[in-house]
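Work through the exercises below with the model open. Try each task before reading its solution.

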Amino acid sequence: MNKDMEINGKDDLKSPLLQHPNDVVITVSPSDQILLKKIRTLVFKVVGITCSSCVASIEAALGKLDGVHSVAVSVLQGQAVVKYVPEVITAKMIKEAVEDTGFDVAEFPEQDIAMCRLKIKGMACTSCSESVERALRMVDGVKKAVVGLALGEAKVHFDPNVTNTDRIIEAVEEDAGFGADLISYGNDLNKVYLQLGGISSPVDFTIIQDSLQSLDGVNHVEIDVDEHKVTIGYEPDIIGPRSIIQHIQKAGTGPNTYQATLFTPPRGGETERQHEILMYRNQFLWSCLFSVPVFVFSMVLPMLPPYGNWLDYKVINMLDVGMLLRWILCTPVQFIIGKRFYAGSYHALRRKSANMDVLVALGTNAAYFYSIYTMIKALTSDSFEGQDFFETSSMLISFILLGKYLEVLAKGKTSDALAKLTELAPDVACLLTLDAEGNVISETEIDTKLIEKNDILKIVPGSKIPVDGIVTDGESYVNESMITGEALPVTKKLGDKVIGGTVNENGYIRIKATHVGSETALSQIVELVEAAQLAKAPVQKLADQISKFFVPTVVLVSFATWLGWFIPGQAGLYPRVWIPTAMDAFEFALQFAISVLVVACPCALGLATPTAVMVATGKGASLGVLIKGGNALENAHKVKTVVFDKTGTLTVGKPAVVSAVLFSDVSMEDFCDMTIAAETNSEHPIAKAVVEHAKMFRQNNGSHNDLFTEVKDFKVHPGAGVSGKIGERAILVGNKRLMHLSSVPLGIEVDKYVSENESLARTCVLVAIEGRAAGAFAVTDPVKPGAALVISHLRSMGISSVMVTGDNLSTATAIANQVGIDKVFAETDPLGKADKIKELQLQGTSVAMVGDGINDSPALVAADVGMAIGAGTDVAIEAADIVLMKSNLEDVVTAIDLSRKTMSRIRTNYVWALGYNVLGMPIAAGVLYPFTGIRLPPWLAGACMAASSISVVCSSLLLQYYKKPLHAYRESR
């Protein structure tokens, strides 16, 4: 979503916490009518504010406008925050009012865009989702609408000044003919839901709403008067849910005291899914109650004389008991239980399209009304003999309902991975209250939803971390496998970041909350996966194109089938014995036509792609690979070249000592101590790496002394190193240039060590004591473990690897040789990286770029697939198509392999769905009947249609068993 759309999103600036003395905040007293309406917040810059008189003129201009609730103008920031009622006044009118006072307005949101999510009920195939999309896009004010068939949801971006959620839902229900419920409006993760107590009159609601809307950071208040509940949208940088609850409690005056307690609204999607499952189950059971006796009366008892003889008893003329019972039992199934097919057909035909409901309605109506015709003929004739098809109609509806029931059960499992992610965060947390010296005053167990930024939380061993934060005390190992897929626990100490939803393994730690609500990594992961599951893959276009002419084609084929059997039958062009006893050519041909109608299945085609994408994106998220939609998934499987950045991608991105040697009789302990003393004051990354290595060596050898001799006469030699005196001994630490400048002789052994390491792109730090070379450290940015294996595995997959880096050619070539990359582009700036990718694309190859997502953003955008690596706590990297949540190159292989497996599964689904229709329709039309005597009765054709949808969903579910290829490779060795 672009920034213009997120007017009231998490990135908006709100009223400043600290007001300048010249700032003015006024509240315009609104009427009760305005208070009951939604209030929105508008933030913009005012150019030219210098003093309080400037503020006063702006305040006066805006304060007299109807619909303006409050105005806050900051001299310090040159910013205005205006709360207004969009039903009364528009943002444009507010801007014009400020400009009329003589000030320029900057950073003004040109368009106020809101977002809502809807649960769409009753969609069965691609034409259904397309119809809903068309209906939504026709609504004035709707800017973008995306409908996900497998998810059964729609995401709509709209201008709240032009339309609202009620009008959008009405468009779905009235224009498209599908049920719709509002799941969320705006950012639900930054909302708090409260149950109110102490309410005695309607005035109390007005007091509470007025009080809440006056709070800085509150941008949405919605009160349910009947249920005594309030929904509050807030800005977590400014205010939190505990502060809001306390404010409500203080809003009461005198004997009136209000209470507010947290309540959790039911999850819309899960509630709707359970309701849908229950509905289809109940409808199937009710239909069985009627259709099973119909089947027994028509198919079973007549085969078991004398038990079925009573069915032949004539009631009036040729109307027997069996036909009358079948009619009585079939009618409720056709018109009451099966009314959903009539409703679906009506809405589909009204919008000039056709779906599965049309096929089912045509087939069952043909069977039912022909049976009515047969019954009337039997009622009015004393010699008529004919067969009814009441069992065809009722059994067909029953089998289709069974299929839909099994289908919604299976579809629910496609989002299991996402459901598991949402349940990772714990329900409660332990909040600490500290005094000024950091001592614990009290511990309180609170609901996780009440955590605010900068709260100090206690995390005990074995408990889950509730929100993102930083460690302020203690040390522990944290299991992050549920977020990043990394199996080994990660050490966390003072200052380290922790992710909400991960598990503290063995130590006690305190953390300070830094990200809450929708800003946590877990929330952003869920948001990304949900967006990916709504997005359509390009391969879905095949199903969309087929769906446009599928149903009309099936109807024509069905009619042609009827003609193809009826006319030759009447003309005697095939043997009369082919026609079953008690049937004539018309009835015989009608059975084939109905079978063709109901065996054709557009649902399987529509579900082939979205169900596979849903399972794959969910599975990828659980493995630490976030795929942003079907487009990225489809493009990744075509990749033939992967371009790697060097620093931070192929390498660790941090200098480290890889070897240390002595050139004199100085002990290694003494050598390390003197190096630490000399380099400890240096801020250079290489110096820090040397000090860290030396300290680690001393600790490993039993020394834990952190006090080292102070260096005297310390001097920095820019570009060369440092010098000084430790005790009575002079020390030099630096490169060869420093040694030459200080006339330190370097022997053959030293020169050999330096040249060998420089050929491997390592930096040598030489140490001289008392004018003699004492030893050296070799420092490099080490290659990540497993990088060579990843490059080798990509080669085995038919994918070539290229390195693009801003580093010099010798260093880049050395790293490339270590990992097995043949092609290197060195000394390239960020825009040059993007140009290199375009050059590769011009050669006809599909290119993926793997980078850190910051310096490499131009290249990530230019590539066919951009992969941001090491972004587990910063998921919002817009440039990348795929986010690899941990700094593990193996996930590059995982992302490409998962996309290949998914596309293979989608192709399998299409082959199954198309193959089923291509084979099923001729068999239903009776192609095999003249040669084998095999024909497909309509009720069995309906069962086959239901089975095809279920088989496609189950085929997609097999992706849940996907394993990382390199893990499988290691297990096989």
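**Exercise 1. A strand pair and its sheet**

Which residue in β33 does Phe-644 stand opposite?

Solution. Phe-644 stands opposite Met-803. The model is a predicted one: local features need pLDDT of at least 70, side-chain atom pairs count only at pLDDT 80 or more, and totals for chains, interfaces and linings use all residues. Residues are numbered from 1 along each chain as its sequence is written, and side-chain values use heavy atoms, with hydrogens and water left out.

Next, take the strands. β26 spans residues 641-644 and β33 spans residues 800-804; they pair in the parallel sense over four bridges. Pairing requires that DSSP finds at least two bridges between two strands. Strands (E, at least two residues) and helices (H or I, at least four) are DSSP runs, numbered from the N terminus.

Then widen the view. The open sheet has seven strands, ordered β25-β37-β36-β35-β26-β33-β34, with mixed pairing. β25 (625-627) and β34 (823-825) each have a single partner strand, so one side of each lacks a neighbour in the sheet. On average, neighbouring strands here are turned by 20° against each other, direction ignored.

**Exercise 2. Two residues compared**

Decide for Asn-757 and for Asp-237: buried, partly exposed or exposed?

Solution. Apply the cut-offs: buried is under 20% relative accessible area, exposed is over 50%, partly exposed is in between (1.4 Å probe, protein chains only).

Asn-757 sits in helix α24 (residues 748-759). Its relative accessibility is 4%, so Asn-757 is buried. A polar atom of its side chain lies 2.8 Å from the backbone oxygen of Tyr-753. Leaving out residues up to four places away in sequence, Asn-757 touches Ser-659, Arg-762, Cys-764 and Ala-778.

Asp-237 lies in the loop between β12 (229-234) and α7 (241-251). At 42% relative accessible area, Asp-237 is partly exposed. Its C-alpha atom is 9.7 Å from that of Thr-514, 277 residues apart along the chain.

Terms used. Axes fitted to C-alpha atoms, helices over the stretch in contact; angles between N-to-C directions. Polar contact = N/O pair within 3.5 Å; in protein donor to acceptor, adjacent residues only side chain to side chain. Contact = heavy atoms within 4.5 Å.
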